[in-house]
Amino acid sequence: MKKPAPKNLPEFKAYAVIPGTRYILLPDGVLAKPLTSTLKPSGPAYNIVIDGKVRQVPLSVLQESIGQPDIRDLIRKD
């Protein structure tokens with residue numbers, strides 16, 4: 001027989017917003033700030049630092065990099 005879930009438990013969220021800031025606190029205790037996208041003809045891109053250099057990386061490449069050993073294999077080298 002299943003036990004009913006307690007009614008007084010807080011709703012689970014993947015992150016908590018720090019009031020009055022753009023920062024969020026992740027479940028593992030990491031403090032982060034959401035990135036703002038840049039709209040390009042090919043779709044949204046994000047400015048991220050790779051090897052000490054700011055690069056505009058398309059959202060599709062960021063999504064493709066999940067589970068990969070290194071994003072550098074997916075981006076165009078200068």
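Let's start with Asp70. Asp70 is partly exposed, at 27% relative accessibility. Buried means under 20% relative accessible area, exposed means over 50%, and partly exposed lies in between, with a 1.4 Å probe and protein chains only. Keep in mind that this is a predicted model: local features need pLDDT of at least 70, side-chain atom pairs count only at pLDDT 80 or more, and totals for chains, interfaces and linings use all residues. Residues are numbered from 1 along each chain as its sequence is written, and side-chain values use heavy atoms, with hydrogens and water left out.

Who is the partner of Asp70? Arg72 forms a salt bridge with Asp70. Their closest N and O atoms are 2.6 Å apart. A salt bridge here is a side-chain nitrogen of Lys or Arg within 4 Å of a carboxyl oxygen of Asp or Glu. Side chains of opposite charge can pair when their charged atoms come close.

How many salt bridges does the structure hold? Two. The other one joins Asp51 to Arg72, with the closest N and O atoms 2.9 Å apart. That pair links distant parts of the chain, 21 residues apart. Asp51 sits in the loop between strand S5 (43–50) and strand S6 (53–58). Arg72 sits in the segment after helix H1 (59–65). Helices (H or I, at least four residues) and strands (E, at least two) are DSSP runs, numbered from the N terminus.

Asp51 is exposed, with a relative accessible area of 55%. Arg72 is partly exposed, at 30%. Shared partners join Asp51, Asp70 and Arg72 into one salt-bridge network.

Next, helix H1. Ser65 lies in it. Is Ser65 buried or exposed? Ser65 counts as buried, because its relative accessibility is 16%. A polar atom of the Ser65 side chain lies 2.6 Å from the backbone oxygen of Leu62. Setting aside neighbours within four places in sequence, Ser65 is in contact with Ile71 and Leu74. Contact means heavy atoms within 4.5 Å.

On to the sheet. Three strands form an open sheet in the order S1-S2-S3, with antiparallel pairing. The edge strands are S1 (16–17) and S3 (31–32), and each pairs on one side only. Two strands pair if DSSP finds at least two bridges between them. Strand S1 and strand S2 (residues 24–25) run antiparallel, joined by two bridges. Across that pairing, Ala16 stands opposite Leu25 in S2.

Look at strand S3. Ala32 is found there. Ala32 counts as partly exposed, because its relative accessibility is 22%. Which residues does Ala32 touch, not counting residues up to four places away in sequence? Arg22, Tyr23, Ile24 and Leu26. Ala32 and Tyr15 are 17 residues apart in sequence, and 9.7 Å apart in space, C-alpha to C-alpha.

Leu31 is in strand S3 too. Leu31 counts as exposed, at 53% relative accessibility. Together with Tyr23 and Leu25, Leu31 forms a nonpolar patch on the surface. The three have about 270 Å² of accessible area together. Patches are made of residues with over 30% relative accessible area and no salt bridge; like charges are joined within 9 Å, and nonpolar side chains (Val, Leu, Ile, Met, Phe, Trp, Tyr) within 5 Å. Accessible areas come from the Shrake-Rupley method with a 1.4 Å probe, and for residues only the protein chains shown count as cover.

Conventions. Polar contact = N/O pair within 3.5 Å; in protein donor to acceptor, adjacent residues only side chain to side chain.
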